[in-house]
Amino acid sequence: MIDIFLISSSAERAPHIVARLEESGVAHCLRTAYCTARQLRTHARAIRSADLLIVDDVDLSAHELDGVEEALACSPALHCMLVTQAPSAALLTAAMRVGVRQVLSWPLDAYKVATVLTHIAAKKSAGMRRAGRVVSFASCKGGSGTTLIAVNLAWSLAALRDRRVLLIDLSQQFADASLLMANKPPPATLSDLCSRIDQLDAALLDACVMRVHANLDVLAGAGDPLKAAELRPEQLKQILTLARERYDAVLIDIGQSLNSVTIHALDHSDAICMVVRQNLLYLHGGRRMLDIFKELGYPPGKVRVVVNQYDKNACINLPTLERTLGATVAHQLPRDEKQVDEALNRSVPLVTSAHDSALAQGIRLLGDMLWPPIAEPRKGMLGRLFAARPTVPPQLKPGH
Ligand SMILES: Nc1ncnc2c1ncn2[C@@H]1O[C@H](COP(=O)(O)OP(=O)(O)O)[C@@H](O)[C@H]1O
Ligand SMILES: [Mg+2]
């Protein structure tokens, strides 16, 4: 199924294009906007999730391709087709320069349209789909740092590891992940998306997420415990299936609630990061949470215990913590109030504002542990000769 966005300056011509698309026999989902190429920017968001953009504007001149150029710059995989009356040489050159793949004139050649659609569909199914790894972040008690870790990991994977990342805020109380990521309200929340789940497709998901970086989207939490309680596991299932196809990494901020929806998220996660602190209440709750994970049948390797705000002088040291929890600590992150507060006040992620701090480095290491770096394809002999020395990742073992 390919997503097509049609911009047409004429309600009379558009049906002819639609007919040619249907004759192609290629499964597609079509959205149409009636406007000129100059008004293309108003549909930037919807265009971003399309595979093919068709611009039908008979009056288009070579100087009016700015919107097309911008759309193609934002989505390099987007295929753009112009439909014009009789394109001038200047328009043809300008169109090709901005990245338009085809310029077709009226009457539309059905064979040409079908060839383009077949090509895009084949390219999409031959590997455009991503197989996103889903990791949930949970804790037995508020204030452990679950949100801070999830938000900064998401940033670090998107900005420094060049992964396409989605953070889903599933915390049931007063969801705050989107607040930590941008100083603006999200276009929609998880509960808004669930209320339109029957129409769920790539375009709707794209319209509901807040883009905070070219590679990073956030699906804001319900923001209200009553609304959060209305979410259903089957709704989340559909969102996760689509998210896996469209992102390399999907992070779910579970928060502290265990209910049918959060358990569904945990069941369908590739790994669970359980955040604890060195304090009796976290120990007690953490142990209980790990027992529940065992009862749910999760293999021990699926759950990674992370100690946040680690203090090597605390009464509850790592051996005590591991003994009580009956699990090994996979990683620990230091306390750094100064950098955390500064990042919060400046509305920037700590992994960039305090890039060299021990906390930011620890978060990056956690990212490598949860999303192991993708192996480079094998190089030929010359490639190996000129390859840079590989960097050996530092050990992730906790220092006892
Ligand atoms: N490693 C850390 N060093 C200093 N402050 C931290 C650290 N981790 C979290 N915090 C602070 O602790 C508070 C709770 O963190 P938060 O991520 O909201 O926890 P949770 O989501 O588990 O309730 C926040 O004010 C956060 O900035
Ligand atoms: Mg939280």
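Mentor: Let us start with a definition: a polar contact is a pair of N or O atoms within 3.5 Å. Please keep in mind that the model is predicted.

Trainee: Is T262 buried or exposed?

Mentor: A residue counts as buried under 20% relative accessible area. The relative accessible area of T262 is 0%, and therefore T262 is buried.

Trainee: Which side chain has an N or O atom 2.8 Å from a nitrogen atom of ligand 1?

Mentor: Some contacts of ligand 1 use the backbone instead: a backbone N or O atom of T146 lies 2.9 Å from an oxygen atom of the ligand, and a backbone N or O atom of D336 lies 2.9 Å from a nitrogen atom of ligand 1. The side chain in question belongs to N308.

Trainee: How much of the area that ligand 1 exposes when taken alone does the protein bury?

Mentor: Taken alone, ligand 1 exposes 570 Å². The share of this area that the protein buries is 77%.

Trainee: Which element gives the most residues to the shell around ligand 1?

Mentor: The elements that give two or more residues to this shell are α6 (146-160), β12 (303-310) and α15 (337-346). The one that gives the most contributes three residues, and it is α6.

Trainee: How many residues of the shell around ligand 1 are polar?

Mentor: The shell around ligand 1 holds 16 residues. Four of the shell residues are nonpolar and three are charged. The number of polar residues is nine.

Trainee: Is D162, which has a positive phi, buried or exposed?

Mentor: D162 has a phi of about 55 degrees although it is not a glycine, and D162 is found in the loop between α6 and β7 (165-169). Exposed means over 50% relative accessible area. The value for D162 is 62%, so D162 is exposed.

Trainee: Where is Q309 found, and how is its accessibility classed?

Mentor: Q309 also has a positive phi of about 55 degrees and is not a glycine. Q309 is found in strand β12. Its relative accessibility is 22%, so Q309 counts as partly exposed.

Terms used: Residues are numbered from 1 along each chain as its sequence is written. Chains are lettered from A and ligands numbered from 1 in the order in which they are written. This is a predicted model: local features need pLDDT of at least 70, side-chain atom pairs count only at pLDDT 80 or more; totals for chains, interfaces and linings use all residues. Side-chain values use heavy atoms; hydrogens and water are left out. A residue is near a molecule or strand if one of its heavy atoms lies within 4 Å of it. A polar contact is a pair of N or O atoms within 3.5 Å; within protein, one must be able to donate a hydrogen and the other to accept it, and residues adjacent in sequence count only if both atoms are side-chain atoms. Accessible areas come from the Shrake-Rupley method with a 1.4 Å probe; for residues, only the protein chains shown count as cover. Helices (H or I, at least four residues) and strands (E, at least two) are DSSP runs, numbered from the N terminus. Ala, Val, Leu, Ile, Met, Phe, Trp, Tyr, Cys and Pro count as nonpolar, Asp, Glu, Lys and Arg as charged, and the others, Gly among them, as polar. Buried means under 20% relative accessible area, exposed over 50%, partly exposed in between (1.4 Å probe, protein chains only).
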